[in-house]
Each structure stands twice: as C-alpha cells, then as structure tokens.
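Please look through the structure below slowly, and keep it in view while you read the explanation that follows.

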Amino acid sequence: VNGGQTTASIYHAFKRDKADLSNLVVQVKLTVLNDPKKVEEFVPEISRYANSQNIVKMADFSANHPYHVKLEELSRQLWAPPVSGTERQAHWYYERARGSYLDDKSREGTPARMRAFEDRNPLRQKFTKTDLAKYENTWNLYPHLVSLGSDKNFIKLTALFTDKGYPVVDEDYFRRLVAKAILFKTAEKLVGAQKYGGYRFQIVTYTLAWLSHYTAQRIDLEHIWKDQILTETLCNAITIVSK
C-alpha cells in the first residue's frame with residue numbers, strides 16, 4: 001500500500017549509482033484484510049489516509065477498480081490502425097497508475113529498446129484516468145463537470161458510474177473511447193489555432209458536447225478509430241461550433 005516512492009528511489013540508487021545497500025533497513029507497515037472481498041473497498045481508503053500528508057490525487061485511489069484494470073489490459077493488447085501514409089501500428093497506452101508509462105519504458109533497459117517501446121506506444125497516444133473522464137463526460141453532455149478541472153471531473157465521473165453502473169469494458173468500448181480521445185485531442189488543436197485568447201479547455205468540451213447533443217451522438221466513432229483522424233467535414237464543424 002505504501003512506500004512505493006522510497007522503494008523506487010532505493011532501486012535506482014542501487015541500479016544507477018551502484019550504492020551499497022548491505023546495511024539498509026526499510027520499515028514496512030503491513031495491513032492484513034480478513035475478508036479478501038473487501039480489498040477494493042479498503043485499499044483506496046488505506047492509501048488515502050496513509051498519504052494524508054502528501055499531495056495524492058483522488059484519481060489515484062480508483063486505479064485498482066476492475067474497469068481501469070481491464071482498460072489497461074486492452075490498451076496493451078489492441079493495435080490501432082496505422083495513420084494514413086504510414087505502415088506502423090501502435091498502441092493507445094492507458095496509464096492506469098500515474099508514472100507507469102515512464103516506468104515501463106525504463107524497464108526496457110537499453111536506449112534501442114526504449115526507442116522501440118516509444119514506437120509501439122507513442123507519447124501522443126498516451127492517456128490517463130483524468131483524460132478518460134474528460135472524454136466520457138464531454139461525450140455524455142456534462143461539459144460543466146469537465147470544466148471543474150481534471151481531478152474534480154474524475155470524481156464526478158466515478159460517482160456517475162457508481163450510481164448508474166460501470167460500462168462493460170470490451171474491445172468495442174475501448175475503440176470508441178480512443179475515438180473520443182482523437183476527437184478531444186484534435187479539437188484542442190483546432191480551437192487553439194483560433195487564438196481566442198483563453199478558455200481553450202472549456203471551449204473544447206462545450207463544442208464537442210454541443211456536437212454530441214445535436215447529432216444525437218451519431219458521430220461515427222468506429223470510422224474515427226479506423227482512420228485515426230477526423231474527416232475534414234468534422235474538423236470544419238468543430239471550428240464553426242467553437243466560435
């Protein structure tokens with residue numbers, strides 16, 4: 001539950017700096033649950049109160065929920081279609097635990113293998129739990145929640161999922177989620193290019209929520225997944241609505 005940063009620092013001191021650890025003692029706090037079924041309920045609370053002196057984001061406490069675990073699993077398995085003009089497939093890397101992208105990359109060991117990891121998992125195709133919350137709440141017409149900020153919006157999404165039930169996470173759900181990510185990332189670039197002078201984040205979420213509403217969510221997410229880019233028509237619509 002606790003001590004991850006300390007353990008990582010010790011490991012790097014040993015591996016990178018060749019530090020002598022022969023006399024090192026690490027204090028450990030061990031919590032044993034009598035009922036294994038309550039792991040999902042208790043572990044986030046233990047983390048929350050054990051880290052009360054540190055800045056720990058609320059999103060980190062939900063990392064072990066089956067919804068996020070399954071998304072992470074699919075993100076390592078599914079290859080996105082190559083973008084037009086290239087032959088290379090790549091993953092959309094879902095960072096369930098904060099910092100896991102850099103951890104996975106560093107585990108490759110050599111510079112060549114690290115570059116290969118980046119080719120398979122481009123940084124531009126990495127998304128986090130709070131990113132996911134932006135995409136889902138924008139598409140589902142809650143731009144006012146998205147505008148509250150990343151951490152608060154994630155808490156709101158978790159509350160909505162808890163009340164209404166978590167979505168079934170399968171390959172189709174993951175592809176649609178990635179399509180929403182492409183929508184959001186592209187809209188950020190298009191809105192930024194308009195040079196409105198501020199509030200880009202809010203303009204993006206309200207623009208896409210408006211389009212989701214007035215198209216009755218008929219934007220073809222499967223087509224976006226297959227092409228990995230938006231059509232010129234949809235890009236123009238985003239620019240017009242943003243104004």
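The predictor attaches to each residue a confidence called pLDDT, which runs from 0 to 100. The model shown here is predicted, and across the protein the mean pLDDT is 89, with 91% of the residues reaching 70 or more. This confidence is lowest in helix 2, residues 39-50, where the mean is 72, and highest in helix 9, where the mean is 98. Where pLDDT is low, the predicted coordinates should not be read in detail.

With this in mind, turn to helix 9 and one of its neighbours. The axes of helix 6 and helix 9 come within 9 Å and cross at roughly 90°, which means that helix 6 is roughly perpendicular to helix 9. On the side of helix 6, the contact is made by Leu-132, Lys-134, Tyr-135, Glu-136, Thr-138 and Trp-139, while the residues that helix 9 contributes include Tyr-173, Leu-177, Lys-180, Leu-183 and Phe-184. Sorted by class, this contact has eight nonpolar, one polar and six charged residues.

The structure holds one cavity of 30 Å³ or more, and the volume of the largest cavity is about 70 Å³. At least two residues of its lining come from each of helix 6 (129-139), helix 9 (171-193) and helix 10 (200-214). The lining consists of Tyr-135, Thr-138, Trp-139, Lys-180, Leu-183, Phe-184, Leu-208, Leu-211 and Ile-219, and by class these are seven nonpolar residues, one polar residue and one charged residue.

Note on methods: Residues are numbered from 1 along each chain as its sequence is written. This is a predicted model: local features need pLDDT of at least 70, side-chain atom pairs count only at pLDDT 80 or more; totals for chains, interfaces and linings use all residues. Side-chain values use heavy atoms; hydrogens and water are left out. On a 1 Å grid over the protein atoms alone, a cavity is a set of points where a 1.4 Å probe fits but cannot get out, and a pocket is an open set with protein on both sides within 12 Å along at least five of seven lines; lining residues have an atom within 4 Å of a point. Grid points are joined across faces, edges and corners, and a volume is the space filled by probe spheres set on the points. Helices (H or I, at least four residues) and strands (E, at least two) are DSSP runs, numbered from the N terminus. Ala, Val, Leu, Ile, Met, Phe, Trp, Tyr, Cys and Pro count as nonpolar, Asp, Glu, Lys and Arg as charged, and the others, Gly among them, as polar. Axes are lines fitted to C-alpha atoms, for helices over the stretch in contact, and angles run from 0 to 180 degrees between N-to-C directions. Angles under 35 degrees count as roughly parallel, over 145 as roughly antiparallel, 65 to 115 as roughly perpendicular and the rest as oblique. Contact means heavy atoms within 4.5 Å.
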